[in-house]
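Work through the exercises below with the sequence and the model in view. Each task is followed by a solution in steps.

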Amino acid sequence: MQITFLGTSCMMPTKDRNPSAVFLQFKSDGILFDCGEGTQRQMKIAGIPLSKVTKICVSHWHGDHILGLPGLLLTIASLELSRSVEIYGPIGSKHAFQALFGGIEFEMKFNIKITEVHEGRFFEDEDFALESLPMKHPVPCVAFAFIEKDRRRIKVDYVKKLGIPDGPLLGKLQHGEDVEFKGKKVLADDSTALIKGRKIVFMTDTLVNENCYKIAANADILIIDSTYSSKLKDKAVEHGHLTALEAAQIASKSGVKKLVLTHFSARYKNTLELEEDARTAFDNVVSAYDFMRITP
Ligand SMILES: [Zn+2]
Ligand SMILES: [Zn+2]
């Protein structure tokens with residue numbers, strides 16, 4: 001699993017920062033969280049082929065989170081992939097998508113599937129699930145959680161000792177089923193080690209609300225709106241954003257392991273003030289920058 005920050009600015013691009021976008025690579029899936037203006041170029045610079053994008057999770061339809069969609073999707077269409085790209089966004093996303101693309105000559109050479117999400121689990125396969133919860137912002141907005149499923153790893157020494165050969169029995173144990181071998185019961189709990197799945201949460205833009213704590217609960221990484229420091233709390237409230245301190249308080253109360261601040265106001269030439277503000281409530285915090293990579 002690898003997370004690449006493609007845009008970390010609020011509102012508009014700056015010399016150093018592009019608007020909101022984060023790419024999460026996991027197995028054969030490439031999940032893009034938001035797609036601010038210029039995201040496809042950011043991906044090229046980061047060395048991420050556009051063909052890797054399988055899902056796009058749109059937090060809300062403010063320009064700094066979606067203006068990269070037309071360009072990105074036009075390019076993906078030209079790749080003539082044989083699969084569809086799934087887009088997930090808050091209520092109203094189908095209409096917003098049609099309105100945005102209505103004026104563009106766009107020959108759809110691939111399928112785009114748009115699903116409006118609100119509350120709870122909206123995608124699940126063998127390896128991971130995606131969930132959303134509504135946030136508090138002037139327009140419909142959701143936060144997303146990527147939840148990797150727990151898995152079991154075979155204790156090689158243990159099964160070797162018992163003489164269990166490679167094959168379906170090991171497969172069953174790995175799926176948590178007890179098996180019988182040479183007349184003896186072999187327990188999955190004894191012969192495998194449980195590896196806890198990781199949870200990554202993407203939360204922007206919002207005011208503090210109950211759902212912040214719910215969706216961030218026990219996240220390994222919380223990527224969060226940190227537009228202003230506490231000194232500009234009034235501005236944050238006025239525009240529906242979190243301060244760095246509020247972001248840290250959410251992390252602290254939710255049992256988050258690592259906090260990543262992002263979506264910075266262009267007024268901050270560097271992020272020291274924001275990090276210091278956050279550190280008064282939560283220690284393990286970093287500020288995202290464009291092209292920063294994290295391997296959870
Ligand atoms: Zn924004
Ligand atoms: Zn917004």
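**Exercise 1.** Find the residues with the most contacts inside the largest nonpolar core, and the elements that contribute to this core.

Solution. A nonpolar core is a set of buried Ala, Val, Leu, Ile, Met, Phe, Trp, Tyr and Cys residues joined through side-chain atoms within 4.5 Å; buried means under 20% relative accessible area with a 1.4 Å probe, protein chains only. The largest such core holds 31 residues, and Met-135, Met-203, Ile-215, Leu-222, Ile-224, Leu-259 and Leu-261 have the most contacts within it. Elements giving two or more residues include β9 (142-148), β14 (199-203) and α10 (244-253). Helices (H or I, at least four residues) and strands (E, at least two) are DSSP runs numbered from the N terminus. The largest share, 5 residues, is from α10.

The model is predicted: local features need pLDDT of at least 70, side-chain atom pairs count only at pLDDT 80 or more, and totals for chains, interfaces and linings use all residues. Residues are numbered from 1 along each chain as its sequence is written, chains are lettered from A and ligands numbered from 1 in the order in which they are written, and side-chain values use heavy atoms, leaving out hydrogens and water.

**Exercise 2.** State which residues belong to the second, separate core.

Solution. This core has 29 residues, among them Leu-32, Ala-46, Val-58 and Leu-73.

**Exercise 3.** Give the strand order of the open sheet and name its edges.

Solution. The 7 strands run β6-β5-β4-β3-β2-β1-β18 with mixed pairing; two strands pair if DSSP finds at least two bridges between them. At the edges, β6 (112-116) and β18 (293-294) each pair on one side only.

Definitions and conventions:
Buried < 20%, exposed > 50% of the residue type's maximum accessible area, 1.4 Å probe, protein only.
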